[in-house]
Amino acid sequence: VKTPELDPALKQKYLKQDKYWDKDHPAIRTRLGEILGSITDISNFEKARLIHRHIANNLKYDATRLKSSKIDPDSIGVERLGAITALANPEEAVCMEFTDLFIALARAAGIPARELNGYAYTANPNLRPLSLTQDVLHAWPEFWDEQRGWIMIDPTWENTTGGVDYFNKFDLNHFVFVTKGL
């Protein structure tokens, strides 16, 4: 699309505070300030790149949580901790915390963001779902860019596999089953 548009009602929806995306929490605001520093005149695309890089570099994927017996019906299989808990416990993250933290920080920065759920192919057998009915699928965020439209990124993949340069390439290894909220 040459000139993408996001309906104003959807823009508000994807900027609002939510259960796992506490964008107005002081810890989120403080961390956003640390990430952006004194930079004020940059695009939302560049803000999203900085937020993505920060999350990929500062959270640690905890594969032992996937073996947990706690099941949260609001999540994709494992107890969901949310953005605030991810900040406080960066060594206990799975894909939901990477996603939740990105969405909370992006929304705090004024960037519409949402969660995607689906399947992501990887050559790493430790990160692959074992089945589509009994194992954890994958969650990752996407954000709205005024020039490009929705941009899918994956800070979990960046952290665990070296990822893809989501800001310059299109990733064909992620298959979306659900856009959260639709």
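**Entry 1: terms and overall picture**

I take buried to mean under 20% relative accessible area, exposed to mean over 50%, and partly exposed to cover what lies in between. By that scale I put Val178 down as partly exposed, because its relative accessible area is 37%. I note here that the model is predicted.

I looked up the chain as a whole next. It has 182 residues, and 47% of them count as buried. I find 6 helices and 4 strands. Along the sequence they follow the pattern α-α-α-α-α-β-β-β-α-β. The accessible surface comes to about 9400 Å², and carbon and sulfur atoms account for 51% of that. I also checked contacts between residues at least 6 apart in sequence: 66% of them join residues at least 24 apart.

**Entry 2: strand S4**

I went back to Val178 and placed it in strand S4, residues 174–179. Val178 belongs to a nonpolar surface patch with Tyr121, Phe175 and Phe177. Together the four have about 380 Å² of accessible area.

Thr179 is also in S4. Is Thr179 buried or exposed? Its relative accessible area is 16%, so I list Thr179 as buried. Setting aside residues up to four places away in sequence, I find Thr179 touching Arg114, Glu115 and Leu116.

I then looked at S2, residues 138–145. 8 of its 8 residues are buried, so I describe S2 as largely enclosed by the rest of the structure. Side chains in a regular strand alternate between the two faces of the sheet. In S2, I see His138, Trp140, Glu142 and Trp144 pointing one way, with Ala139, Pro141, Phe143 and Asp145 pointing the other way.

Which strands pair with S2? Strand S1 (residues 113–120) runs antiparallel to S2 and is joined to it by 6 bridges. Strand S3 (residues 149–152) is also antiparallel to S2, over 4 bridges. S2 and S3 make a hairpin, with 3 residues between them. Arg114 has Glu142 as its bridge partner in S2, and Glu142 stands opposite Met152 in S3.

**Entry 3: the nonpolar core**

I counted 37 residues in the largest nonpolar core. Those with the most contacts inside this core are Ile28, Ile51, Ile55, Leu101, Phe102, Leu105 and Phe143. The elements giving two or more residues to the core are helices H2 (26–36), H3 (44–58), H4 (82–88) and H5 (95–108), along with S1 and S2. H5 supplies the largest share, 10 residues.

**Entry 4: Leu59**

I found Leu59 in the loop between H3 and H4. Leu59 counts as buried because its relative accessibility is 6%. What does Leu59 contact, once neighbours within four places in sequence are left aside? I list Ala86, Pro90, Ala93, Glu97, Phe98, Leu101 and Asn159. I also checked Leu59 against Pro155: they are 96 residues apart along the chain, and their C-alpha atoms are separated by 9.2 Å.

**Entry 5: salt bridges**

Side chains of opposite charge can pair when their charged atoms come close. How many salt bridges does a search of the whole structure find? I get 11.

I looked at Glu115 with Arg80, where the closest N and O atoms are 2.7 Å apart. This pair links distant parts of the chain: Glu115 is in strand S1, Arg80 is in the loop between H3 and H4, and 35 residues separate them. Glu115 is buried, with a relative accessible area of 0%. Arg80 is buried too, at 6%.

Asp18 pairs with Lys16, with 3.7 Å between the closest N and O atoms. Asp18 is partly exposed at 32% relative accessibility, and Lys16 is partly exposed at 41%.

Arg148 and Asp145 meet in a salt bridge at 3.2 Å, N to O. Arg148 is partly exposed at 48%, whereas Asp145 is buried at 2%.

Terms used
Residues numbered from 1 in each chain as written. Predicted model: local features only at pLDDT ≥ 70, side-chain atom pairs only at ≥ 80, totals over all residues. Heavy atoms only, no water. Patch = residues over 30% accessible without salt bridge, like charges linked within 9 Å, V, L, I, M, F, W, Y side chains within 5 Å. Areas by Shrake-Rupley, 256 points an atom, 1.4 Å probe, with all protein chains shown as cover. Salt bridge = Lys/Arg side-chain N within 4 Å of Asp/Glu carboxyl O. Buried < 20%, exposed > 50% of the residue type's maximum accessible area, 1.4 Å probe, protein only. Contact = heavy atoms within 4.5 Å. Pairing = 2+ DSSP bridges. Core = buried A, V, L, I, M, F, W, Y, C linked by side-chain atoms within 4.5 Å.
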